[in-house]
Amino acid sequence: MADTIPRYHERRTGRRTLLIVIPVAVLAVAPLLWAIISSLRPGDEIFRYLSPVSIRTVVPTTVSLDNYRAVLESSFTLALLNSVIVTAVSVALGLAVSSLAAFALAMIPFPGRTVLFSVMVVSFLVPFEAIAIPLATTFRQAGLQNTLVGLILPAVGNGLAIFLLRQFFLGIPISLSEAARMDGLGWFGIYRRIYLPLSRPSMIGAGLILFVFQWQSFLWPLLIAPAPGVRVAPVAIADFAQESGVDYGQMFAAATLTALVPLVVLLFAQRQFTSSLASTGEKE
Amino acid sequence: MVTQANPRPGPITGRSGPSGSPSASRGRARSRARLRAVATAALFLLPALVGLVFLRLVPSFDAVVSSFTNRLGELSTANFTFLFTDPQFLGSLKTTLLFSLVINPLQIALALFLAVALTRRVPLVGIWRTLILLPIAVPQTVSAIVWGVLFRPDGPLNGLLGALGIPSVPWLVSPTTALMSIIILCSWVGVGYWMTFLVAGIHEIPRSLYEASDLDGATGWKQFLHITLPGIRRPLLFVLVADTVANFLVFAPVRILTQGGPEGSTNLIMNFIFERAYTLSDTGSSAAATVVLVGIVIAVVTVQFRMLPGKD
């Protein structure tokens, strides 16, 4: 009896919570749905039924994939591919670099550790947009203009990811690594065999930061990779929008395609990211 | 997405080998161990340090140098004197502070509220979380363009308000509502993102704490104050700092939708810096404004670190 009461109570509050959660979810999704619907109708029909709101606002008179066909036959496909490559490499490299640094900052005692951590945190407070201009000059001199490497490098050194991982590493009981050291495991072994396996949720969180940073980046690609061969998707979409006589149907089709990749990533990452740390061993 | 799970046996640096005769002095062994720790730390940190030095610190240094350089290339504070007498800069500073004072509490309160709601036993909870997180995945150029259409005076938002019998709102075209519209757009993008970090934090709080307080008859609000809030101190500090920084740097929506207008009402400091650098080719005062912005951000973040109890 004592066991069933809280559960019944929980289920009821859970249902009531839905009354808050569903409207919020609708608000989050509605603008995207509208963009998707717009991508399925002819470009000149998008603005015709906006006001007053009627059934035609959300239901197209004709549904067609013509916009998608046009977009995929254009150079946008290459831009999308560039975005995928650049982002995937940025996340992989960024996670390796950040987790190694975060581990050293959290675990290995060395003089000047606090100062170094402060420098790293402060460095991510420097707006990247502001330093993009001098940095782009340096990159051009180094011959990195219009290369994928030039697009990837700035995303790898991410202070925010280091900060997040260090915070997490500090929360792992020190007794685990002390015991491992007693058993003769070195720092790299502790990093690899204890901290990385325990840090899956945080690694995914840091990966999400790196992913979002690179997938959203707009000003940097504009400065360093303007050539059509290395153009990324957000720049290509902006180019769409800036064309005179923009076809909004095609623009929304390109937007939908660009949102599809992160959608898949998020469906995978969200579950992992928020999954509980049941195996931490002991809690502080 | 690459994760580094599944530890494989790899090269192990710094493993204490079968070295050292029993007669070796303990002091020397200890100092050698310390030296080895320093060397290992240096190896761990090297890639990140190289990146941060060449990609962040060197260009930042360049910005500081050019902020203290006048048009003739001499060392001078002329750029700062200009800025602090320029009504446009002072206006954008005021707008940025107002923006931050509204959007940060708003986003964090909403994110925390949703995180608590979505860690209860809600049917299909994963789906709701993912849907609310979706807007962050949309490139800013796209979300700006989509919201630009939603905000049109004859757009669907006003159409919806009209259907509810509410008079239409001028959104981006009036100085009184433009900043609010940008806040709505940025919150639409950001709240789900910050919520996700807090959801992860709440999940790490041991279930047993809640069960024990259930037995004590504690209410939901008391559980929130005494278990949830202290339990997520670290992720909350992270969200507080990262969200504040992100909101000081809002740029793309302003650039695409309003260019700082109408009447400078959305001229956030990043837009001011951009216009100085790109439209007016005034590198010096744009760099000076950047230095001011970074100074404010560092000051605010330092206060936030102090405010939350405990170190780290």
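Helices here are DSSP runs of H or I with at least four residues, numbered from the N terminus. I keep to that numbering in these entries, and I note at the outset that the model is predicted.

**Entry 1. Chain A, overall**

I looked up the secondary structure of chain A and found 14 helices and zero strands. Read along the sequence, the pattern is accordingly α-α-α-α-α-α-α-α-α-α-α-α-α-α. I then checked burial: 47% of the 284 residues of chain A count as buried. For contacts in chain A between residues at least 6 apart in sequence, I noted that 80% join residues at least 24 apart.

**Entry 2. Confidence in chain A**

I recorded a mean pLDDT of 80 for chain A, with 85% of the residues scoring at least 70.

**Entry 3. Contact between the chains**

I counted 90 residues of chain B in contact with 100 residues of chain A. On the chain B side, the largest share comes from helix H1 (residues 26–67) of chain B, which supplies 17 residues. By class, I found that this side of chain B consists of 58 nonpolar, 21 polar and eleven charged residues.

**Entry 4. Largest nonpolar core**

I turned to the largest nonpolar core, which has 162 residues. Which of its residues touch the most other members? They are Ala101(A), Phe103(A), Ala104(A), Ala111(B), Ala115(B) and Leu198(B). I noted that H7(B) gives the most to this core, with 16 residues. I followed up Leu198(B): leaving aside neighbours within four places in sequence, its contacts are Ala111(B), Leu112(B), Ala115(B), Ile232(B), Pro235(B), Leu236(B) and Val239(B).

**Entry 5. Helices H4 and H7 of chain B**

I examined helix H4 (residues 125–133) of chain B against helix H7 (residues 178–203) of chain B; their axes come within 8 Å and cross at roughly 140°. H4(B) is therefore oblique to H7(B). From H4(B), I listed Arg129(B), Ile132(B) and Leu133(B); they meet Gly192(B), Tyr193(B), Met195(B), Thr196(B) and Val199(B) of H7(B). By class, the residues of this contact are five nonpolar, two polar and one charged.

Most residues other than glycine have a negative phi.

I located Asn146(A) in the loop between helix H6 (128–141) and helix H7 (148–156) of chain A. Is Asn146(A) buried or partly exposed? Asn146(A) is partly exposed, because 16 other C-beta atoms lie within 10 Å, and a residue counts as buried at 20 or more and as exposed at 12 or fewer.

I placed Glu263(B) in the loop between helix H11 (252–257) and helix H12 (269–279) of chain B. With 12 other C-beta atoms within 10 Å, Glu263(B) is exposed.

Notes. Residues numbered from 1 in each chain as written. Chains lettered and ligands numbered in written order. Predicted model: local features only at pLDDT ≥ 70, side-chain atom pairs only at ≥ 80, totals over all residues. Contact = placed C-beta atoms within 7 Å. Helix = DSSP H or I, 4+ residues; strand = E, 2+ residues; numbered from the N terminus. Nonpolar A, V, L, I, M, F, W, Y, C, P; charged D, E, K, R; others polar. Axes fitted to C-alpha atoms, helices over the stretch in contact; angles between N-to-C directions. Parallel < 35°, antiparallel > 145°, perpendicular 65-115°, else oblique. Core = buried A, V, L, I, M, F, W, Y, C linked by C-beta atoms within 7 Å. pLDDT = per-residue confidence, 0-100.
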